[in-house]
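Please look through the model shown below with me.

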Amino acid sequence: MGGIRRGLVHTGLLALAVLVVLATVPWSGEHSSGLPASEQQGGIVAQPGESDTLPTPDDPTEALLRAERLLAAGSPARASRVVAPALGASDPTLRTRARLVLARAMLAGGDAAAALELAAAVARQASATRETGLALVIAGEALLARGQPDRAAEEFLAARALLPEIAPYLEYRALDPLVQAGRADEAEALVEQIVATAPLRRLAVAALEWRRARAEQRGDLPVLGATLHRLLDLATIPSYRASLLLQRGRVEQQRGNAAAARADFARAIDEAPTSPAAAQAFDELAALGAAETVPIERRAAIFFSAGRYREAVAAFTALLASDPTRAEAWYQRAIARVRAGDLVAGIEELAAMADRYPQDARTPDALVTAGTLLEWRNEPAAEALYRRVLAQYPETVAAREARFRLGLLAFARGAYDQARDLWRVEAEAGDPRAAYWYGKALAASGEPAEAREWWSRASQRDPDSFWGQRAADLLSGRTATLQQPVGSLSLDSEADVVRAWLVSRGEDLAAVRQDIDRTGAPRRALVLLDAGLREAAGWEIDAAREELRDRPVSLAVFGWLLLERGEAAYAYRIARDLATDERVPERVRARFLAPIPYPEVLVAASERFGIDPLLLAALIRQESGFEPTAVSPAGARGLTQVMPETAAALARQLGFPNWDPADAFRPQTSIVLGAAELAQRLRQFSGDLVLALASYNAGPGAVQQWLAERPTSDPDLFVAWIPYRETAEYVQRVYAGYRRYQELARLG
C-alpha cells in the first residue's frame with residue numbers, strides 16, 4: 001500500500017476538521033441572498049456564487065446524494081455542510097461514502113491538508129476494498145495539491161490493487177506526477193502498459209497523446225513522429241486523423257523530409273477536407289510551393305469550410321472559368337459572397353440562377369435565400385422572387401417556403417385575407433407552422449373560433465415545436481411571450497417516475513443496480529466518478545451506452561443514477577439514445593430529455609436573479625447539452641456558454657474575487673453568470689422572452705438593429721424575421737423547451 005496506509009494520519013487534526021465542518025452546518029436553512037466573497041467555512045473556502053436556499057435534509061441517504069450533486073456543481077463548501085447527516089448514519093457503508101465525499105469537498109475547496117487527513121483515516125478504517133482504493137486516490141490528489149508529486153504517484157499506483165477495474169486509468173493519472181517527481185522513465189513505461197491493457201481505445205489514445213505532448217514540448221522529433229504514427233493506427237475520426245497527419249507532416253518537414261511532409265499534408269486534406277486541419281495543411285502545401293497539387297474544386301471547399309470566404313470566391317471563380325456549367329460552384333460562390341459581406345453581389349448571383357441554371361435542384365432554394373435577404377432591403381423585389389419560385393418550381397420544398405414568406409409579408413402589411421389564402425394550402429396539408437399562422441390570420445380577420453380550431457390542430461400535430469407551443473399559448477390566452485413560473489419545483493420528479501415505471505414492470509431497483517454494477521463499462525464509469533475522474537468516466541459512459549443498448553431498463557436506470565448524482569450531461573446523452581425507444585415509456589424518456597441540472601444551484605441562482613429555473617434549464621440544454629466543459633467554436637464557455645469577455649465583466653459586477661476565466665467551467669459559476677446575463681436581457685426587453693433569448697444568442701445590439709429596421713410588437717413576426725438562421729433556431733428551441741419543461745413540472 002501507499003504511504004497513507006502506513007499511518008500518516010494525525011487523528012487530532014482530523015477530528016478538529018470534521019468538528020469544524022459539523023459546527024458550521026446551517027441546520028436552520030438560513031438564506032444568504034448575497035454573493036459571498038472568499039470566506040472560510042469549515043476549512044473550505046466558499047466559492048463565488050455559493051449561497052444556501054435549500055435546507056439540509058435530515059435523511060442521511062438524501063443528504064449524501066445532495067452533497068454529491070453539489071460537489072459535481074462545483075460547490076464544495078455547501079457539499080461539506082449538506083453531507084453532515086450522512087457522517088453519523090447508522091449504515092457503516094453510508095458513513096464511509098459520506099467521509100469520502102467530504103474529503104473530496106475539502107480538496108475541491110482548497111483544504112488539501114484536511115482532505116489528506118480524512119482520506120488517510122478512511123484508508124485505514126474502511127472494511128471494503130473499493131472505499132479503501134477511493135481513499136487512496138483522494139489522498140493522491142491531496143498530496144499533488146500540496147506539492148508532493150512523488151507520494152501522490154505512489155498513492156495512485158497503490159490504488160490499482162484495490163480498484164483493478166480502473167487500474168489503467170490510475171496509471172494514466174500517475175503519469176504527470178511521476179514526471180514532476182523526476183521519474184520520467186517510469187512514466188514512459190506506464191504508457192506502454194496503459195496502451196496494452198486499456199479497456200477502451202479512447203484511453204490508449206489519451207496515453208499516447210500524453211506522450212505526444214511531452215515529446216513536442218521537449219522537441220524530440222523521432223519520438224513525436226513515432227507516436228503520431230501509432231496514434232494514426234488507433235484514430236478513426238476523420239477530423240482527428242487529419243490533425244494527426246498535419247502534425248506529422250510538420251515533423252517530417254522539420255526533419256528535412258519534404259516529400260513525406262507533402263504526402264502527409266495531402267492525406268490530411270483527403271481525410272477531412274472540411275476540417276480546420278485541412279485548411280492548415282493546404283497552407284503548408286502552399287508554403288512548399290505545392291498548392292497547385294490540390295484541385296481547384298477541393299481548394300474552394302477548403303476555403304469555404306474554413307470561413308475564408310474571399311479566397312473561396314476566388315477559387316469558385318477559377319472553377320467556373322474552366323467550366324461555366326458548374327451550378328454548385330455558382331451557388332457556393334454566391335453564398336460565400338454573402339458571408340464575406342458582399343450582399344449585393346451575392347443576392348444578384350443567387351437570383352441569377354433561375355436564368356443560368358433553371359433545371360438545377362439548388363435553384364429554387366437559391367431564389368428563396370435571395371428573397372429572404374432582400375426582405376430587409378426591398379420587399380417588392382423579395383416578393384417577386386418568391387412568386388417566381390411558385391410559378392417556376394411549384395412542387396418543391398422551396399415553393400412551400402416561398403408561399404409562407406409571401407404570407408408573412410401580406411400579414412405584416414395587414415392583408416390578412418391574402419395571407420390566409422397563401423397559408424391555407426399548407427395548413428390543410430398538415431404543416432403546423434402554416435396552421436398556426438393561418439389561425440393568426442383568421443383571428444386578425446375577426447374569426448376567433450375558427451382561429452382556435454387551427455391553433456388546436458397546430459398544437460396537436462407538433463406539440464413540442466415552437467409553433468406548436470405558441471399555438472398552445474394562444475389557446476390558453478397567453479399572447480405575450482413572458483416567463484410564467486408553474487410554482488415550486490419538485491426535485492424528485494425524475495426519481496418518482498423511474499420508480500413507478502419499475503414497479504409497473506415488477507422490477508426491483510436494487511436488482512437492476514446490481515446488474516449495472518456487474519457490467520464492465522457502467523461499473524468502471526461509476527467508480528471513476530467516485531474517484532473524481534470525470535473525463536475518464538465520460539469515456540466509459542459512452543461505452544456503457546453501447547453495452548446496455550439492448551437492455552433499455554438497465555440503460556434508463558443507469559441514466560437516472562447519473563442524473564441523481566449531478567451528471568446531467570451524461571444522463572442527457574443516454575436520454576437521447578432512448579428518445580425513440582418505445583421499450584421505455586414516453587413519461588420516463590421525457591424526464592431524461594428535460595432534466596433539471598444541478599437543482600440546488602439552479603434554484604438558488606434563479607431565485608436570486610428572478611428567473612424561472614425551468615427557463616434556465618431549457619437555456620442550458622440548448623447552449624451546452626448540460627456539459628460543463630463545453631466550448632463553442634466562437635469561444636463561449638461552460639454550461640451557459642458565456643463569452644470570456646462577458647464573463648469577466650459579469651464577474652466584476654457580481655463581486656467575484658480573483659476572477660479566473662477557467663472558473664466559467666464550474667457549473668455553479670456558469671449558472672450564476674448565465675442567470676445574471678439572461679436577467680439583464682429580460683430587463684432590457686421588458687421581460688419579452690423572444691427578444692431576450694435572441695439577444696442572449698446574437699447580442700443586444702443585433703436585436704435592437706433588427707427592431708429598428710423592421711419594427712414589430714408581434715413576437716411571432718420577430719421570430720420569423722430573424723435574419724440569422726442560428727439565432728432563429730436557437731430562440732425557437734429554447735422557448736419550446738421551456739414550455740415543455742413547464743408541462744412536465746405540472747405533471748410532476
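Q: Which residue just after α37 takes a positive phi?
A: This is a predicted model, in which local features need pLDDT of at least 70 and side-chain atom pairs count only at pLDDT 80 or more, while totals for chains, interfaces and linings use all residues. Residues are numbered from 1 along each chain as its sequence is written, and side-chain values use heavy atoms, with hydrogens and water left out. Helices are DSSP runs of H or I of at least four residues, numbered from the N terminus, and the loop between α37 and α38 (689-698) holds the residue in question. With a phi of about 55°, that residue is serine 686.

Q: What is the relative accessible area of serine 686?
A: Residues count as buried under 20% relative accessible area, as exposed over 50% and as partly exposed in between (1.4 Å probe, protein chains only). Serine 686 falls in the exposed class, because its relative accessible area is 68%.

Q: Where does asparagine 658 lie?
A: Asparagine 658 is a residue other than glycine with a positive phi, near 50°, and its relative accessible area of 72% makes it exposed. Its place is the loop between α36 (644-654) and α37 (667-684).

Q: How many of the 18 residues of α37 are buried?
A: α37 is mostly covered. The number of its residues that are buried is 15.

Q: Which residues line the largest cavity?
A: A cavity is a set of points, on a 1 Å grid over the protein atoms alone, where a 1.4 Å probe fits but cannot get out, and lining residues have an atom within 4 Å of a point. The largest one has a volume of about 40 Å³, a volume being the space filled by probe spheres set on points joined across faces, edges and corners. α22 (397-412), α23 (416-428) and α24 (432-444) each supply at least two residues of its lining. The lining residues are Arg400, Phe404, Trp423, Glu426, Asp431, Arg433 and Ala434.

Q: How much space lies in the second largest cavity?
A: Trp376, Trp706, Arg710, Phe718, Trp721, Ile722 and Pro723 form the lining of the second largest cavity. The space inside is about 30 Å³.

Notes:
1 Å grid on protein atoms, 1.4 Å probe; cavity = no way out; pocket = protein on both sides within 12 Å on 5 of 7 lines; lining within 4 Å.
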